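Look over the sequence and the model before reading on.

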Amino acid sequence: MAIHSKFLDALTPSSIRSITAKIRDKAKNGETVISFAGGLPSSEFFPVEDIKKIDAEIFSSEHGNAIQYAASDGYDPLREYLVEFMKRFGVEGINYKNILITSGSQQGLAYLSKGLITPGSVVITENPSYPGALDTFNAYGASVIGIDMEEDGMSMDKLENVLKENKNVAFIYTIADFQNPMGVSMSVEKRKRLVELAEEYDVFIVEDGPYSLLTFNGKVMPAVKSFDKYNRVIYSGSTSKTIAPGLRIGWLVADEESIQKLVYLKMRDDLQVNNIAQRQVYHYMKEYGFDEHLQQVIDVYRERRDVMIDAIKASFPEGTKIYKPEGGLFIWLELPEGADSMEMFDFVFQKNIAYVPGVFFCPDGSHKNAMRLNFSTTDKDTIAKYIPILGEMIKAYKK
Ligand code: PMP
């Protein structure tokens, strides 16, 4: 008999994975899909040669100790490094005890969900938002309430109304920089107001920042956490988008007592994050030209974004609204009212082109006319060739 429980039986496959499955089926038939659907950094830039060198150094200096059991809170040199790193986002006055290393930011989101969501809890998110987070909040029993987005982040007035109406808010979840999926960033005024609202209504904020350094105009925004006088914000960082996601290194930043509680949770989960990956990231960031690497990736992504925007402008239906991102990995589009990007997915997919329909990011089923396009993993010639085909297919689609 298969294992079963209320918890397990309520879990469903992630919506975006259903697209991945379709792409895999085509691949089995020998067909290549041009996927603008992924949320991936481009593997062509992963620092493979540097990581090989780092591995050799780790084993010659640390021998077996490098793969011995280690502390649950993380590799201290990496934690110390991240204390300095957080200053890039204006987060000062912390020490290594304010940092817990996690296996990717997804694990941090899972810990905060396990720790903070209780029966009847509400989690407030941006609408649209990252489905991987929404699925996790749902899995641990929260009702998710989405707050409409504006071009400078979620509507603070709508947020305040929801805070007034709901007494059991576990936390507010925000991707303040180059939001997934819309690519927009929250203004500084809103960041400050968000912290004040959290204090006034006695709730926590989870700030997810995987895209913050992927900035195309050189500007790095101060984190919401940098305005946090009240210890209301738990910041979640990741190296998945800036180095490589398979290393699975993320971190949480919070007051010491909160981190200690999360360490107890980690002890009951996976004991510790992989030692080698923590060392790889530490040495890479500290000694192997992380900033030059980042600049190289940013330059390529910016160019791909520009090629994609131009191609969209030239080929998509009149009245399409384009959100031009100043960083991150995605372009969000709103097709003219009445279009349904979910309905037209299979029609477009006949041409072996994939995107993510807007509804996948919206638990309330809104944004049916929207879609998210990823520009980081496809080279500019391919973008220039296939975005017009996507545009033509959208125009040709009839219900
Ligand atoms: N948060 C957001 C907003 C993301 O887009 C993603 C990955 N696409 C994650 C978290 C998960 O990242 P990680 O690899 O660090 O677990």
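## Pocket, ligand, cavities and backbone

The largest pocket has a volume of about 1,300 Å³. It is lined by 44 residues, and those closest to its centre are Ser-14, Arg-17, Gln-106, Tyr-130 and Gly-132. The model is predicted. The ligand sits in this largest pocket.

**The largest pocket**

- By class, the lining of the largest pocket holds 21 nonpolar, 16 polar and 7 charged residues.
- Rolling a probe the size of a water molecule over the atoms shows where empty space is left.

**The ligand and its shell**

- The ligand is surrounded by 14 residues. The closest are Asp-208, Tyr-211, Ser-238, Ser-240 and Arg-248.
- Helix H5 (residues 104–116) gives the most to the shell around the ligand, with 3 residues.
- The shell around the ligand divides by class into 5 nonpolar, 6 polar and 3 charged residues.

- Arg-248 has a side-chain N or O atom 2.7 Å from an oxygen atom of the ligand.
- Asn-180 places a polar side-chain atom 2.9 Å from an oxygen atom of the ligand.
- Lys-241 has an N or O atom in its side chain 3.0 Å from a nitrogen atom of the ligand.
- The ligand taken alone exposes 400 Å², and the protein buries 91% of that.

**The largest cavity**

- The structure holds 2 cavities of 30 Å³ or more.
- The largest cavity contains about 70 Å³ of space.
- Its lining includes the aromatic residues Phe-85, Phe-89, Tyr-211, Tyr-235 and Trp-251. Residues Gly-209, Pro-210, Ser-212 and Leu-213 also line the largest cavity, as do Gly-237, Ser-238 and Thr-242.
- Strand S8 (residues 233–238) gives the most to the lining of the largest cavity, with 3 residues.
- By class, the lining of the largest cavity has 7 nonpolar, 5 polar and no charged residues.
- Tyr-211 and Ser-238 line the largest cavity and are also among the closest residues to the ligand.

**The second largest cavity**

- About 30 Å³ of space lies in the second largest cavity.
- Among the residues that line the second largest cavity are Pro-41, Ser-42, Phe-45 and Phe-46.
- The lining of the second largest cavity has 6 nonpolar, 3 polar and 1 charged residues.

**Backbone points to check**

- Most residues other than glycine have a negative phi, and most peptide bonds are trans.
- Which residues does the cis peptide bond with omega of about 20 degrees join? That bond joins Asn-180 and Pro-181. Pro-181 lies in the loop between strand S6 (169–174) and helix H8 (188–200).
- Asn-180 therefore has two entries here: the cis bond and, by the cut-off of 3.5 Å for N or O pairs, a polar contact to the ligand.
- Phe-178 is in the loop between S6 and H8. Its phi is near 45 degrees, a positive value in a residue other than glycine.
- Another cis peptide bond joins Asn-127 and Pro-128, with omega of about 10 degrees. Pro-128 is placed in the loop between strand S3 (122–127) and H6.

Note on methods. Residues numbered from 1 in each chain as written. Predicted model: local features only at pLDDT ≥ 70, side-chain atom pairs only at ≥ 80, totals over all residues. Heavy atoms only, no water. Near = heavy atom within 4 Å. Polar contact = N/O pair within 3.5 Å; in protein donor to acceptor, adjacent residues only side chain to side chain. Areas by Shrake-Rupley, 256 points an atom, 1.4 Å probe, with all protein chains shown as cover. 1 Å grid on protein atoms, 1.4 Å probe; cavity = no way out; pocket = protein on both sides within 12 Å on 5 of 7 lines; lining within 4 Å. Sits in = over half its atoms within 2 Å of the grid points. Helix = DSSP H or I, 4+ residues; strand = E, 2+ residues; numbered from the N terminus. Nonpolar A, V, L, I, M, F, W, Y, C, P; charged D, E, K, R; others polar. Points joined across faces, edges and corners; volume = space filled by probe spheres on them.
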